[in-house]
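Take a moment with the chains before reading on.

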Amino acid sequence: MEKKINEAEKKLERRNFLKKLAVISVAPIAFGFLGSGEKLMGLKKWALNNGYVPKDHKWGMGIDINKCIGCGRCADACKNENNVPREPFFFRTWVERYRIYDDGEVLVDSPNGSIDGFEVLSTKKKMERSFFVPKICNHCDNPPCVQVCPVGATFKSEDGVVLVDSDYCIGCRYCIQACPYGARFLHPVTRTAEKCTFCYQRITKDKLPVCVEVCPTQARVFGELNKKASPLVRFLRMNKIGILKPSLNTEPKVFYANLDMEVK
Amino acid sequence: MKNFLAGIPEQVKRLSVLLVILVIVFIVVRSTLIPNDFGKIGHYRASAVQNIANNELHYAGQEVCVDCHDDIVAVKTKGYHKNLSCEVCHGPSIKHTEAPDEFKPQIQRNRSFCPTCHEYLPSRPTGFPQIVSASHNPRKICVSCHNPHNPVPPVTPKGCEACHAEIVATKSLSFHSEIPCTKCHVANEKHKLSPRDNLPTKPTTREFCGQCHAEDANSPKDIPRINMATHEPRYVCWQCHYPHLPEAQ
């Protein structure tokens, strides 16, 4: 008799033990789900003060080489809008002139980033073709500059724009070295890294980046990449598109139409 | 319990106290060094996005100008400059939208401004209107002849030489100098305004040149004659002879 009772108690103990085990093992997972749910909800709502929700956008730019006249208004306006130092060598965007001669020589120049215009240089060699290439931060989807930042001061925002947190940047210049497009520079006064932001202060207020705004020949197109009605999607559909340095797998979001093979 | 504590070696107790202190110091230092909103949406400060978006604007944008200056916009939308934003020439003017009387946008009047786009450069796309400013009325300012809001040449070119100067110069040396361009090319009037959409015609048959150069043609005697039947019948004349300078080989 006693033995039986003992066995019953043992069974009861085992049942309790299993119950507790189940609760203990499931509880953290359940709590985890609750927590992450809250986190997800919080993310969805995250917006700027003016109601701009970064997650709803994915910005990109299209540049038509055939339309660029090399007037340098984009580079000039960019300096005005973003308080870029006026000295040469500090540019968020600039225009390069390519001259390809019949002996295969390729000359690339960009005096003062094209702001003061270009000079006609006469050589005896016959020029095969020549054109202008506006350059800008490519806002890579897989940005090498963000990978190397040791403090998390440069980052890809949720709308795909690569930004620099100048209050957090320590000025180590790793990102400047890492950028394969030479789109970054160290601001001579603040000693922090700087680069194109697609005029973030403008695009968050439904305005165009200033280089797109002032381009006299509409060589630059700006818009959403994942909305069918955007002018950029139309641009991508209507043109043969090239990107700079595709072999690096940086997945640029600046797309060039009529890009020449010689453009690096 | 006491037995349990007593069982732990002294050095383990001391080390674990040290460990606890180290962990606390790490947590305190980490929480003071790393901003609160770091990692809220990604590996960066969430407030940085707001800071960058708060940067000051300098350019108002075309759509703001349109609200007040509808008279100028009405002129501009009809001309070649219809796609130009106002601030390309007038400079950053968001202050003008806030205080229209205090801040006046710049007005470009000197001769150096228009050539930033319109100076001749071989790299510019063909068809874009360009001048050589050194020889293009060097003493006049651009706006004295061209209205910048609706720029057209002050006189629409009457003859072909305005654009095709090189061909006209070549032709003037040749025996064909007396033949007007329109004898061989039929140019639509619209060709003057949008040249590439309205290309002039070219002679497509041998018989066209034969009007003068055939053996039986009714033309002055000193014009060279050929036998239309035997003189390379498989080719159109201009495949071998350059009509603007036919004596060149």
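What radius of gyration does chain B have, against that of a compact globule of 249 residues? The model here is a predicted one. A compact globule of 249 residues would come out near 18 Å. Chain B has 38 Å. Along its principal axes, the C-alpha trace of chain B covers about 135 × 60 × 30 Å. Burial is the next point. Of the 249 residues in chain B, 12% count as buried.

Now look at what chain B is built from. It has 11 helices and zero strands. Read along the sequence, the pattern is α-α-α-α-α-α-α-α-α-α-α. Chain B is divided into three pieces: domain 1 (2-53), domain 2 (58-108 + 142-154) and domain 3 (180-239). The centres of domain 2 and domain 3 of chain B, taken over C-alpha atoms, are 48 Å apart. Contacts can also be sorted by separation along the sequence. Among the contacts in chain B with a separation of 6 or more, 44% join residues 24 or more positions apart.

Turn to chain A for a sheet. Strands of a sheet pair through backbone hydrogen bonds, either parallel or antiparallel. In chain A, three strands form an open sheet in the order β3-β2-β4, with antiparallel pairing. Its edge strands are β3 (106-109) and β4 (127-136) of chain A, and each pairs on one side only. Neighbouring strands of this sheet are turned by 20° against each other on average, direction ignored.

Strand β2 (residues 93-101) of chain A pairs with β3(A) over four bridges. Arg97(A) stands opposite Asp109(A) in β3(A). Helix α2 (residues 73-82) of chain A packs on the sheet and touches β2 and β4 of chain A. The direction of this helix makes about 160° with that of β2(A).

Note on methods. Residues numbered from 1 in each chain as written. Chains lettered and ligands numbered in written order. Predicted model: local features only at pLDDT ≥ 70, side-chain atom pairs only at ≥ 80, totals over all residues. Helix = DSSP H or I, 4+ residues; strand = E, 2+ residues; numbered from the N terminus. Rg over C-alpha atoms; globule rule 2.2 N^0.38 Å. Buried ≥ 20, exposed ≤ 12 C-beta atoms within 10 Å, placed from the backbone. Contact = placed C-beta atoms within 7 Å. Domains from an automatic or database assignment. Pairing = 2+ DSSP bridges. Axes fitted to C-alpha atoms, helices over the stretch in contact; angles between N-to-C directions.
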